[in-house]
Amino acid sequence: DNVSTVYGTAFDASQYGYTLDGHANGDTDAVIRGLIGSVSYDNQGVGTNGKATGNVGEYVLGIDGAVALNNYNVTVTNGKASVTPASLTVDLKEVHHVYGTPAGSSAYGYDSVSGLTNGDTGLVVTMSSDAALKENNTKTQDVKVGSYGWEASLSGIANLSDNYTVTYTGGESYVTKASLKMALDNVSTVYGTAFDASQYGY
């Protein structure tokens, strides 16, 4: 029979089984299964080096050894062992830029990650685009009410895009006001002479 599991979750041995076709001479399913006895399955989708599964994909599910019966020539048709993607949720950091001064790359990243499995570690999150920035990320957009958003690129784990279905949360990107100083020019006049308004400035 075909079996399946989610990436990083061990296959459920109770799924293993087989069907019989070609009974003869009144032999029942139970009789033939009794003659076959215990079957040792060979699932190529089982992981190695301490991993529960291989990467996402379809693998061969067979049996170890041959099935020998006195009254039947047994042909075994292998099944499929499928590994499907696991769910990964990445909560992106909130980023703040000052108008005219983009935040550095260290401002980006994630607050939390849930769903990493199968021994996977070392997730790296970098910014691929930020709607709050322009001109090759050298300048900011205007200040606005609410947030822009930024998108992430993931790396650091082999076959990540195949083995996981990724959901992002967070990722707000804000532009806050810059500080602007306004210094008024000094003015002077002689006692009794009105100030010259043309001297006013900053």
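A salt bridge here is a side-chain nitrogen of Lys or Arg within 4 Å of a carboxyl oxygen of Asp or Glu. The model shown is predicted, so to speak for local features a residue needs pLDDT of at least 70, and side-chain atom pairs count only at pLDDT 80 or more, while totals for chains, interfaces and linings use all residues. Residues are numbered from 1 along each chain as its sequence is written, and side-chain values use heavy atoms, with hydrogens and water left out.

**View 1. Glu58 and Lys80 meet in a salt bridge.** The N to O distance between these two side chains is 3.7 Å. Glu58 belongs to strand S3 and Lys80 to strand S4 (residues 79-84), 22 residues apart, and the pair links distant parts of the chain. Strands (E, at least two residues) and helices (H or I, at least four) are DSSP runs, numbered from the N terminus. Glu58 is exposed at 56% relative accessible area, whereas Lys80 is partly exposed at 43%. For the cut-offs: buried is under 20% relative accessible area, exposed is over 50%, and partly exposed is in between (1.4 Å probe, protein chains only).

**View 2. Strand S3 pairs with S4, and S2 with S3.** Strands count as paired if DSSP finds at least two bridges between them. S3 and S4 run antiparallel and are joined by 5 bridges; Gly57 has Val83 in S4 as its bridge partner. S2 and S3 also run antiparallel, with 3 bridges, and here Asp42 stands opposite Gly62 in S3.

**View 3. Lys51 and Asp120 form another of the structure's 4 salt bridges.** Their side chains come to 3.4 Å, N to O. This pair, too, links distant parts of the chain: Lys51 sits in the loop between strand S2 (41-43) and strand S3 (57-63), and Asp120 in the loop between strand S7 (110-114) and S8, 69 residues apart. Which of the two is buried, and which partly exposed? Lys51 is partly exposed, with a relative accessible area of 33%, and Asp120 is buried, at 11%.

**View 4. Lys139 reaches Glu135 in a salt bridge.** The closest N and O atoms are 3.5 Å apart. Both ends are partly exposed: Lys139 has 42% relative accessible area and Glu135 has 46%.

**View 5. Tyr7 and Tyr164 make one of 3 aromatic pairs.** The rings are edge-to-face, 5.4 Å centre to centre with 80° between the planes. Rings of Phe, Tyr and Trp (its six-membered ring) pair if their centres lie within 6.5 Å; planes under 30 degrees apart are stacked, over 60 edge-to-face, and the rest tilted. Tyr7 lies in the loop between strand S1 (3-6) and helix H1 (29-36), Tyr164 in strand S12 (residues 164-170), 157 residues apart. Tyr7 and Tyr164 are both buried.

**View 6. Arg33 and Lys144 each lie over a tyrosine ring.** Arg33 is over the face of Tyr18, 4.3 Å from the ring centre. The charged end of Lys144 sits over the ring of Tyr148, 4.3 Å from its centre. The test is NZ of Lys or CZ of Arg within 6 Å of the ring centre and within 35 degrees of the ring normal.

**View 7. Four strands build an open sheet in the order S6-S13-S11-S8.** Pairing is mixed, and strand S6 (95-98) and strand S8 (124-130) are the edges, each pairing on one side only. S8 pairs antiparallel with strand S11 (residues 148-155) over 6 bridges, and Ser129 has Glu151 in S11 as its bridge partner.
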